Amino acid sequence: MDERAVAWWRSQLLVTTAVPVVVLAVLGALIGPARFWLLLAAGAIAALGLGCAAFFPAWWFRVHRWEVTDEAVYVRTGALWQEWRIAPMSRIQTVDTVRGPLEQLFRLGTVTVTTASSKGALRIAGLDHELAAELGERLTALTQATPGDAT
Amino acid sequence: MSEAAPGEDRYVGDGDIGDGDIGGAGRPSVAVPGEEWRRLDRRMLLATAAVLCGVAGGAGLPATVGLAGSRPLWQVLSWVLAGALLLVLGGTAADYVRWRRTRYRIGPERVELHTGLLLVKRRSLARERIRSVDLTANPLQRLLGLVKVRIGTGESTGGSESTLELDLVTRAEGELLRHDLLARAATDAGVPDEGALATVDPRWIRYAPVSFVAPALGGAAAGAVMQVSEWFGAQAEVIDWIGERFRDVSLVWMLVDLALIATVVGAVGALGLWVEMWWNYRLEREPGGTLRVRRGLLTARSVSIEERRLRGIEVVEPLGVRLAGAARVDAVATGLAKDDGDKHADLKTLLPAVPRELADRVAAQVLGEPEPPTGAPLAAHPRAARTRRLRWALWSVAAPVALLAGLGLLLTPVLLYVAAGCAVVLTPLAVLLALDAYRSLGHGVSGAYLVTRSGTVRRTTVALQRSGVIGWTVKQSYFQRRAGVLTLTATTAAGDGAYDILDAGESQGLTFAAEAVPDLLAPFVEPVRTPEARSTEG
């Protein structure tokens with residue numbers, strides 16, 4: 001996981017809180033009678049968002065781990081609800097590399113590994129974009145080299 | 001005759017369709033898959049016209065009654081009849097165009113279907129990817145000797161895109177298609193026992209009223225009475241009438257009586273539904289390595305599941321059915337055609353609720369095992385799991401009781417009595433359910449199968465092929481971490497996609513996962529422990 005992921009998560013959280021805060025603030029500025037309550041709600045959401053943005057990304061960065069060996073892909077995520085996911089190479093069906101607008105800004109990428117199961121997808125988020133592309137290629141090559149129909 | 005139209009791109013002549021009426025047995029075109037295009041059966045127009053007549057009648061009668069008051073009868077009748085005629089003729093004409101424009105071809109490699117007037121859709125499926133051919137026929141279609149054929153591949157995505165639907169062909173044609181398209185894998189040797197695995201036993205109907213269908217139907221019936229009476233603006237009268245019936249008894253008894261009536265109605269409905277769904281039921285193994293379920297009194301259904309796609313079996317015991325000592329058997333298979341919406345559950349059901357031993361035996365036969373994996377002894381989970389369940393039970397009772405008590409303190413003391421009553425009644429119930437839920441928990445390995453069991457209101461025992469497990473997910477919440485338990489999820493391509501082993505002990509679960517599917521988790525059991533140790537020190 002790249003250290004820029006922390007900044008990426010932080011800006012993601014800030015953007016998601018900014019939207020309702022701005023809407024509420026604009027409404028508060030326009031609607032006189034309900035101004036106090038609207039601005040109060042906006043302030044509460046802003047405080048909550050800022051708190052989350054300050055606290056969670058660093059924690060997430062500490063607990064997110066991933067590993068790719070010749071046999072399997074392994075991802076560990078979650079702080080309160082920890083989750084380990086393992087998919088062996090022979091069962092991997094598709095490897096996607098995705099870069100959203102914010103990720104592009106921070107030069108990051110996400111690799112999604114899907115298996116034949118509808119519930120077994122693995123996401124490795126917040127990788128350096130070159131590493132992500134390289135990992136995608138490596139996984140594709142490894143998957144192709146492994147026989148079997150992946151079900 | 002059919003041989004008169006062998007051309008690559010020509011429609012089969014009408015004479016060929018006439019042949020189908022006799023039974024289709026003499027048609028060489030299916031047995032020797034030719035390159036000729038075929039059409040749906042012409043009698044589908046009759047079916048459409050009949051349905052439209054029904055619709056026109058259903059809509060026309062109330063319209064006539066409604067309009068008859070304000071206008072002369074002949075005028076109303078002529079309007080309604082003209083409308084009905086327009087609907088029937090228009091609909092049938094549209095269907096005729098569909099019939100003209102729809103053609104399909106069973107080639108040696110591919111099955112092709114062309115449809116559409118303006119937007120022509122050409123779809124083709126590789127024959128080797130066809131996993132299921134299901135036939136359904138409603139009573140009208142059965143009368144006409146027609147069936148609807150759905151040809152499905154193993155794709156779980158894309159819904160309708162991976163399914164070809166032939167709506168409608170003759171029954172003989174449908175059977176031949178089913179037989180031909182699924183028969184290619186007949187070389188599989190060592191099929192344990194062919195022929196019928198189970199046929200319907202009328203005594204099984206005794207499990208119908210104890211299923212969850214009965215109260216649901218009862219509630220639906222009561223709701224329907226209220227709804228319909230509201231449409232006619234007579235809801236208040238209905239309520240008054242009911243009040244009149246029960247004038248001599250107290251309110252509580254009236255409610256009890258009404259609930260009883262609804263239950264009885266629901267039970268009768270459940271019996272009827274069971275008869276319609278499971279009459280003529282027959283589960284058989286066919287030479288091509290497919291399992292076939294045939295059932296239905298009015299609407300006949302035939303569902304085929306390729307055994308190669310079977311990854312395991314699920315024995316489901318809803319509470320009422322379990323108390324009666326029975327269980328249902330579902331298939332865990334990849335690429336089972338998912339019918340739109342509510343029928344989905346029907347397609348994977350291999351066996352309705354039957355006595356538990358029989359369910360286990362049929363499960364073993366379906367899987368081709370000497371011993372039923374679902375009946376194997378399972379390892380119990382740590383006591384922490386029991387504590388967790390008891391805690392949940394108490395919280396789920398405490399929360400509403402506390403809410404009621406709080407409101408009671410604020411508003412009226414009546415609510416305090418209600419809260420006390422709830423606490424007295426619900427607490428033992430919740431504790432019983434929690435203890436039962438803990439008793440239900442279990443996991444184990446039985447031969448080539450991984451077995452996990454959980455649930456109390458709907459207890460399920462899943463036997464999953466160990467080679468069908470394509471990944472593990474280990475989840476641990478904060479509370480689970482404190483209790484030293486974890487939830488292990490085996491992901492698979494079949495069925496629900498993932499099956500849980502809830503609240504297994506930490507080392508118990510990981511060792512089990514490593515043992516059950518050796519080459520999957522084993523290289524990671526060390527890494528799994530290391531980052532955890534790292535995170536606790538940091």
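Leaving aside neighbours within four places in sequence, B:Ser454 is in contact with B:Ser440, B:Leu441, B:Arg459, B:Thr460 and B:Leu502, where contact means heavy atoms within 4.5 Å. B:Ser454 is found in strand E16 (residues 449–454) of chain B; helices (H or I, at least four residues) and strands (E, at least two) are DSSP runs, numbered from the N terminus. With a relative accessible area of 15%, B:Ser454 is buried, a class defined as under 20% relative accessible area, with exposed as over 50% and partly exposed in between (1.4 Å probe, protein chains only).

The model is predicted, so that local features need pLDDT of at least 70 and side-chain atom pairs count only at pLDDT 80 or more, whereas totals for chains, interfaces and linings use all residues. Residues are numbered from 1 along each chain as its sequence is written, chains are lettered from A and ligands numbered from 1 in the order in which they are written, and side-chain values use heavy atoms, with hydrogens and water left out.

Chain B contains 18 helices and 20 strands, and 44% of its 538 residues count as buried. Strand E14 (residues 349–355) of chain B is mostly covered, as 6 of its 7 residues are buried. This strand, E14(B), runs antiparallel to strand E13 (residues 326–333) of chain B, to which 4 bridges join it; two strands pair if DSSP finds at least two bridges between them. B:Val329 stands opposite B:Leu351 in E14(B).

Over all chains, the structure holds 25 salt bridges, each defined as a side-chain nitrogen of Lys or Arg within 4 Å of a carboxyl oxygen of Asp or Glu. In one of them, between B:Glu175 and B:Arg292, the closest N and O atoms are 3.0 Å apart. This pair links distant parts of the chain, with B:Glu175 in helix H6 (residues 171–182) of chain B and B:Arg292 in strand E10 (residues 290–295) of chain B, 117 residues apart. B:Glu175 is partly exposed at a relative accessible area of 29%, whereas B:Arg292 counts as buried at 3% relative accessibility.

A salt bridge also forms between B:Arg178 and B:Glu286, with the closest N and O atoms 2.9 Å apart. Here helix H6 of chain B, which holds B:Arg178, is linked to strand E9 (residues 282–286) of chain B, which holds B:Glu286, across 108 residues. B:Arg178 is buried at 4% relative accessibility, and B:Glu286 is buried with a relative accessible area of 16%. B:Glu175, B:Arg178, B:Glu286 and B:Arg292 are linked in a network of salt bridges.
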